Amino acid sequence: MELRHLEYFVAVAEERHFTRAAQRLMVSQSGLSASVRALERELGARLFVRSTRRVELTGAGRALLVEASRALASVRAGKEAVAAVQGLLRGTLSVGTEQCVTGVHVPGLLARFRAEHPEVEVRLRQAGSASLVEDVAAGRLDLAFVAVSGTVPEDVRLVPLASEPMVLLCHPGHPLAGAAEADWAELGDEVFVDFHEDWGARGLTDRAFAAARTERRVALEVNDVHSLIELVGHGLGIAVVPRPIARKEQAAALCTVPLAGAGDHLWEVSAALPDDQRTGPAARQLLTYLPATAPRTAPDPCPAPVSARTPAPTPPPAPLTTAVPASP
């Protein structure tokens with residue numbers, strides 16, 4: 001089994017398309033296809049189900065993808081380790097992050113790293129924490145800034161960066177606006193705006209409601225912090241968010257309500273890395289740029305563009321009434 005065969009296989013698996021994978025690798029499509037067929041013959045199993053539009057992994061292909069990604073990551077880490085011994089830092093640094101994490105300013109961090117290590121190619125992927133941790137475990141990312149509320153794979157370690165309580169965010173016209181505190185168990189009848197299920201904040205909120213034995217209805221699901229704020233600002237639902245999100249400039253016109261037992265459900269931001277043996281020198285160097293402890297009051301981790309303006313919150317929709325004709 002040649003290393004090139006694994007590289008080609010992983011590219012096709014990630015692109016789900018032979019032509020796009022060939023373009024990404026800058027090789028001919030015929031050569032790429034021949035390499036994949038050779039790998040299938042060697043393993044005695046089909047790795048892809050091919051169609052005219054795209055390809056899908058078989059069960060054998062999914063199993064191989066995990067190990068192939070790890071093998072390629074180990075090879076890359078070995079090359080980078082040799083370069084580090086020679087006083088050089090080069091190769092690729094693949095970083096993942098969930099949107100608007102606190103305790104680290106990702107753009108500034110990467111800008112400093114690239115300025116000081118121009119021979120290292122920096123790549124960034126933004127996604128939910130659950131999928132980012134999977135990518136770290138599989139070797140597709142060197143490290144990721146995540147907010148994980150559950151367990152992580154055994155070969156992934158977390159370096160804590162900061163923690164914040166969860167708060168309730170609502171429209172100023174909502175009955176809960178101005179309340180001293182809100183109880184999880186009393187929110188079951190509300191309509192919620194929330195993030196997708198692989199976001200760390202969503203997982204933490206789901207667990208908190210489960211602990212309170214309260215079912216809730218998430219009617220509006222988003223994959224963007226500013227969309228969540230805007231939907232709440234239009235009175236379409238309430239949201240449970242980490243406190244830094246409620247402090248954003250775009251949420252200034254909304255109401256923030258503390259939640260009962262907030263200390264029991266902290267949003268914890270960490271750097272997720274592979275185990276020590278698989279952490280590359282570039283990732284180790286990036287870690288040295290992180291502060292030992294996060295500041296008590298951090299700047300907005302995810303500011304909106306300068307051109308964006310915060311609209312006044314839309315009044316909540318008035319209840320529908322039925323007109324009664326006047327008596328003659």
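Biologist: Which residues is Glu164 in contact with, leaving aside its neighbours within four places in sequence?

Modeller: This is a predicted model, so read each contact as a feature of the prediction. Leaving aside those neighbours, Glu164 is in contact with Thr102, Arg243, Pro244, Leu266 and Trp267.

Biologist: What joins the side chains of Glu164 and Arg243?

Modeller: Their side chains are joined by a polar contact of 2.9 Å.

Biologist: Is Glu164 buried or exposed?

Modeller: The term buried is used under 20% relative accessible area. Glu164 has a relative accessible area of 9%, so Glu164 is buried.

Biologist: In which strand is Glu164 found?

Modeller: Glu164 is found in S6, the strand of residues 156-170.

Biologist: Now a whole strand. How many residues of strand S3 are buried?

Modeller: Burial can be counted along a strand as well as for one residue. S3 covers residues 91-97, and six of its seven residues are buried, so the rest of the structure largely encloses this strand.

Biologist: How should I read the pairing of S3, and in which sense do S3 and S4 pair?

Modeller: Look at the sense of the pairing, then at the bridges. S3 pairs with strand S4, residues 120-126, in the parallel sense over seven bridges. Among the bridge partners, Val95 goes with Leu124 in S4, and Thr97 goes with Gln126 in S4.

Biologist: How many bridges are there between S3 and S5?

Modeller: There are three bridges between S3 and strand S5, residues 143-146, and this pairing is also in the parallel sense. Within S5, Ala144 stands opposite Gly96.

Biologist: What kind of unit do S3, helix H5 and S4 make?

Modeller: With H5 at residues 106-116, they make a β-α-β unit, and this unit is right-handed.

Biologist: And the protein overall: how many helices and strands are there?

Modeller: The secondary structure comes to 10 helices and 11 strands. Of the 328 residues in the protein, 45% are buried.

Biologist: What share of the contacts with a separation of 6 or more comes from residues 24 or more positions apart?

Modeller: Residues 24 or more positions apart account for 74% of those contacts.

Biologist: What does the accessible surface of the protein come to?

Modeller: The accessible surface is about 17,300 Å², and carbon and sulfur atoms hold 52% of that surface.

Key: Residues numbered from 1 in each chain as written. Predicted model: local features only at pLDDT ≥ 70, side-chain atom pairs only at ≥ 80, totals over all residues. Heavy atoms only, no water. Buried < 20%, exposed > 50% of the residue type's maximum accessible area, 1.4 Å probe, protein only. Helix = DSSP H or I, 4+ residues; strand = E, 2+ residues; numbered from the N terminus. Pairing = 2+ DSSP bridges. Right-handed = clockwise from strand over helix to strand, strands pointing away. Polar contact = N/O pair within 3.5 Å; in protein donor to acceptor, adjacent residues only side chain to side chain. Contact = heavy atoms within 4.5 Å. Areas by Shrake-Rupley, 256 points an atom, 1.4 Å probe, with all protein chains shown as cover.
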